[in-house]
Amino acid sequence: MDGNGNGKGKGSVRIGVYVCHCGTNIAGKVDVIRLAETAGKLPGVVVSREYKYACSDPGQDLIVQDVRKYGLNRVVVASCSPHLHELTFRKTVATAGQNPYLFHMVNIREHVSWVTEDPEAATAKAEALVNAAVLRAAFLRELEPRRFPVNPNVLVVGGGIAGIHTALTLANANKQVYLVEREPTIGGHMAQFDKTFPTLDCAACILTPKMTAVKQHPNIHLMTYCEVGEVSGFVGSFKVKVKKYPRYIDEDKCTGCGECIEACIFKEGKTPSEFDVGLSKRKPVYLSFPQAVPPIPVIDPEACIEFKSHKCPKSCVEACGDRAAIDFTQTTREVELEVGAVVVATGFKPFDARRLPQYGYGKHPNVYTSLEVERLVNASGPTLGQVVMRDGRKPESIGVLHCIGSRDENTNRYCSRVCCMYSLKLAHLLKEKTGAHVYNFYIDMRTPGKGFEEFYKRLLEEGISCIRGKVAEVSTWPQSPAEEGKLVLRVEDTLLGAVRRIPVDMVVLSVGLEPQADSDQTRRLFNLGCSSDGWFLERHPKLAPVDTFTDGVFLAGCCQGPKDIPDTVAQGGAAAAQSLALIDKGCVEIEPVTAFIDQEICSGCQICIAMCPYTAIQFDSEKSVAALNEALCKGCGTCVAACPSGAAQQNLFLDEQLFAEVQGVLV
Amino acid sequence: MSEAFNPRIVGFFCNWCTYLAADLAGTSRMKYAPNVRVVRTMCSGRVDPQLVVWAFRNGADGVLIGGCHPGDCHYQEGNYKTLRRMGLLRTMLAQLGIEPDRLRLEWISASEGERLRDVMNEFSAQIRQLGPLETKSSVISSQSSVAQAAP
């Protein structure tokens with residue numbers, strides 16, 4: 001193959017090369033002038049230029065003009081990662097009237113200028129890469145993107161505030177939404193909070209109306225106590241299998257009267273309540289909290305006597321009466337859904353304070369985590385809002401310790417973003433409710449948000465003591481009479497430059513946010529990437545913050561990284577908008593990276609068939625050759641690498657293109 | 001080997017993991033040896049052993065293949081196929097008189113920028129140690145299939 005004759009039938013290959021300075025990002029290291037000059041001498045290159053910002057409007061315009069003026073039928077741009085701007089330049093080439101796939105991008109920023117010390121070595125490397133691209137470009141072929149219809153339904157995974165907001169936005173736009181939540185109720189962590197910073201409006205007051213709206217919305221199919229088990233398909237047409245766990249109460253029959261809970265033979269709860277983080281007890285049949293949505297109780301088979309001994313008088317069944325909603329025979333069912341887009345909003349888990357034994361959580365009863373305190377100060381919490389410690393006393397002094405499991409080389413290096421603010425909020429609430437003296441121990445006070453700094457100032461005026469220093473340990477060994485019976489905090493006050501011992505009655509550990517324990521499974525389910533901390537990876541940290549590397553799958557809320565409620569809601573809205581943009585277009589264009597089989601060359605050996613993970617290749621026994629189903633092919637190219645006769649090829653990654661590229665990098 | 005020897009290494013990086021790791025190393029401004037020139041493929045499973053041989057024939061001193069960690073392949077299991085192929089290819093390379101250590105397969109995920117930098121540096125140093133590839137060019141250039149498939 002000579003590489004000619006593929007460019008719009010013009011006969012010869014006419015290549016334009018564009019070297020981007022990217023300001024000084026590239027030009028500061030790579031000699032872009034020399035690079036453009038050398039490129040200009042390569043075979044087939046008609047025009048070679050360097051430009052300050054190739055992706056800018058004038059930069060793209062330059063390419064368009066050149067394509068028209070010089071009759072270019074190949075364009076090579078040497079700039080940043082194709083993950084950033086490949087699509088931009090494809091569109092530029094299309095604007096110029098050429099097939100957008102007659103374009104190749106060279107990454108001389110992320111892979112060269114930003115990672116190379118020596119300018120000469122960087123320029124040489126860039127030259128090799130551009131040479132490879134020019135050689136490869138000769139073999140580019142015109143292609144058409146594949147178009148598929150988009151199913152207008154959306155799956156939202158996770159029913160916290162992120163998922164709720166996403167689902168409501170989509171449902172209001174008249175889309176059918178499946179909201180899957182694995183807990184018996186939606187609401188997530190926000191439902192457990194007492195008040196929200198910095199406005200101090202109560203979390204329940206702003207959340208529960210949204211929860212009710214979800215329940216009442218005709219376009220939302222709420223699936224609580226369910227988990228996504230399997231996902232297949234691709235953008236626009238995902239097939240999802242959802243596991244529906246047995247509640248042992250029929251959701252269609254239950255009216256939510258709660259009489260079964262009243263009637264349960266357990267007069268008092270014996271199982272630690274998940275919702276109250278273990279601060280209260282619940283019965284075997286329970287509603288997570290009074291405003292739970294749906295208001296349908298669930299029976300815990302681990303705690304229910306009927307499941308253990310089958311000897312329970314079943315007073316719950318009796319109380320339910322004619323409604324006959326209780327069904328001990330329920331089993332896990334599987335429901336299949338078809339959706340066009342998925343929003344992953346699976347949230348976070350609080351850092352486990354037991355991992356830092358120096359703070360005595362689980363050892364000293366009066367050491368609490370921040371989430372426990374949220375329940376403790378809540379008017380509908382286990383103590384009805386009375387701050388009473390585990391030993392029954394009311395605290396007179398309280399220490400709030402920031403950065404537990406955040407900004408710590410031993411646990412998590414990142415800042416959890418919300419802890420400073422919620423610690424201040426808890427300090428305010430605790431002081432308000434107990435009149436205790438409250439100390440906040442911080443490393444840096446981080447209050448970057450609307451009204452946040454003002455809130456901090458207000459707290460200082462309220463008389464909260466803020467001590468700059470990370471507490472080293474919480475102990476119960478008194479060294480003075482004042483420390484008797486107290487929890488003693490040993491801390492270096494870095495503003496005072498002295499080590500202090502501060503005795504308090506109660507300690508609050510402001511725990512950071514961590515990825516869910518099973519985030520790895522979720523990641524694999526939806527084919528997501530992860531940052532090194534385990535948070536799901538967005539497609540671009542600035543320009544595509546809710547997109548992922550899997551088309552049609554979007555992120556919302558804390559599963560992408562720690563964030564507060566306003567940011568979570570904003571991201572939920574963004575994920576909904578991105579889903580709508582996909583759905584309302586009606587069809588998706590997918591890069592034609594699929595494989596194809598030249599049946600003239602195929603010998604019918606069938607090696608490729610076993611290679612394909614998507615069963616996209618079948619054996620055509622009549623013709624004795626392999627036949628590839630383009631709709632199933634996802635374009636990995638594994639069959640191409642295995643084909644002994646070169647019959648299997650992959651668009652955009654043809655053998656001849658790759659061989660040319662390899663030859664090209666080895667100048 | 002003399003100081004002047006600057007190894008030429010071809011890297012085949014999969015689009016979803018190792019290529020992104022290299023992007024991350026870039027955005028994190030990590031500095032590493034400039035010897036590896038990256039060719040992007042959608043999956044490490046696309047790396048035809050012939051491409052590796054072709055690289056050596058065209059003067060590469062080393063070949064580095066980067067894919068997703070086992071179980072994390074964007075295409076389910078392409079990286080397992082690569083693992084098996086490259087195992088076999090290393091045996092063949094030895095028969096062709098090419099040190100098998102000149103071919104390296106690494107799993108580097110999109111979040112492992114630091115690891116990418118380390119592998120780039122280590123492998124460049126290792127190839128520098130091995131010295132330039134001195135092949136009896138007749139051995140590999142007579143690979144008729146390569147010659148045919150090549151441009």
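This is a predicted model: local features need pLDDT of at least 70, side-chain atom pairs count only at pLDDT 80 or more; totals for chains, interfaces and linings use all residues.
Biologist: Which residues of α6(A) are buried?
Modeller: The buried residues are I161(A), A162(A), G163(A), I164(A), H165(A), T166(A), A167(A), L168(A), L170(A) and A171(A).

Biologist: Why can α6(A) be called largely enclosed?
Modeller: Of its 12 residues, 10 are buried, so α6(A) is largely enclosed by the rest of the structure. Buried here means under 20% relative accessible area.

Biologist: How far does helix α6 of chain A reach?
Modeller: The helix covers residues 161-172 and reaches 16 Å from its first C-alpha to its last. That is close to the 16 Å expected at 1.5 Å a residue.

Biologist: Let us step back to chain A. How many helices and strands does it have?
Modeller: Chain A has 18 helices and 34 strands. Its C-alpha trace spans about 90 × 70 × 40 Å along the principal axes.

Biologist: What share of chain A is buried?
Modeller: Buried residues account for 56% of the 667 residues in chain A. The chain exposes about 27,700 Å², and carbon and sulfur atoms supply 51% of that area.

Biologist: How many charged side chains are there, positive and negative?
Modeller: Chain A carries 72 positive and 77 negative side chains. The centres of these two sets lie 2 Å apart.

Biologist: What about contacts in chain A between residues at least 6 apart in sequence?
Modeller: Of those contacts, 69% join residues at least 24 apart. For chain B, the corresponding figure is 81%.

Biologist: Chain B, then. In what order do its elements run?
Modeller: From the N terminus on, the order is β-α-β-α-β-α-β-α-α-α. That comes to 6 helices and 4 strands. Of the 151 residues of chain B, 58% count as buried. Chain B exposes about 5,800 Å², with carbon and sulfur atoms supplying 49% of it.

Biologist: You mentioned F197(A). What is the peptide bond from F197(A) to P198(A), cis or trans?
Modeller: That bond is cis, with omega near -10°. P198(A) is in the loop between β8 (195-196) and β9 (201-202) of chain A. A cis peptide bond also joins V293(A) and P294(A), where omega is about 0°. P294(A) lies in the loop between β15 (285-286) and β16 (298-299) of chain A.

Biologist: Which value does phi of V277(A) take?
Modeller: Phi of V277(A) is near 45°, a positive value in a residue other than glycine. V277(A) sits in the loop between β13 (271-272) and β14 (281-282) of chain A. Its relative accessibility is 29%, so V277(A) counts as partly exposed.

Biologist: And R29(B), where is it found?
Modeller: R29(B) is in the loop between α1 (18-27) and β2 (36-41) of chain B. R29(B) has a positive phi of about 55°, although it is not a glycine. Its relative accessibility is 40%, so R29(B) counts as partly exposed.

Biologist: One more, Q192(A). Buried or exposed?
Modeller: Q192(A) counts as buried, because its relative accessibility is 9%. Q192(A) is found in the loop between β7 and β8 of chain A.

Biologist: What is Q192(A) in contact with, leaving aside its neighbours within four places in sequence?
Modeller: Q192(A) is in contact with E274(A), F275(A), V277(A), L371(A), E374(A) and R375(A).

Notes: Residues are numbered from 1 along each chain as its sequence is written. Chains are lettered from A and ligands numbered from 1 in the order in which they are written. Side-chain values use heavy atoms; hydrogens and water are left out. Helices (H or I, at least four residues) and strands (E, at least two) are DSSP runs, numbered from the N terminus. Buried means under 20% relative accessible area, exposed over 50%, partly exposed in between (1.4 Å probe, protein chains only). Contact means heavy atoms within 4.5 Å. Accessible areas come from the Shrake-Rupley method with a 1.4 Å probe; for residues, only the protein chains shown count as cover. Lys and Arg count as positive and Asp and Glu as negative; His and the chain ends are not counted. The place of a charge is taken as NZ of Lys, CZ of Arg, CG of Asp or CD of Glu. The expected span of a helix is 1.5 Å times one less than its number of residues.
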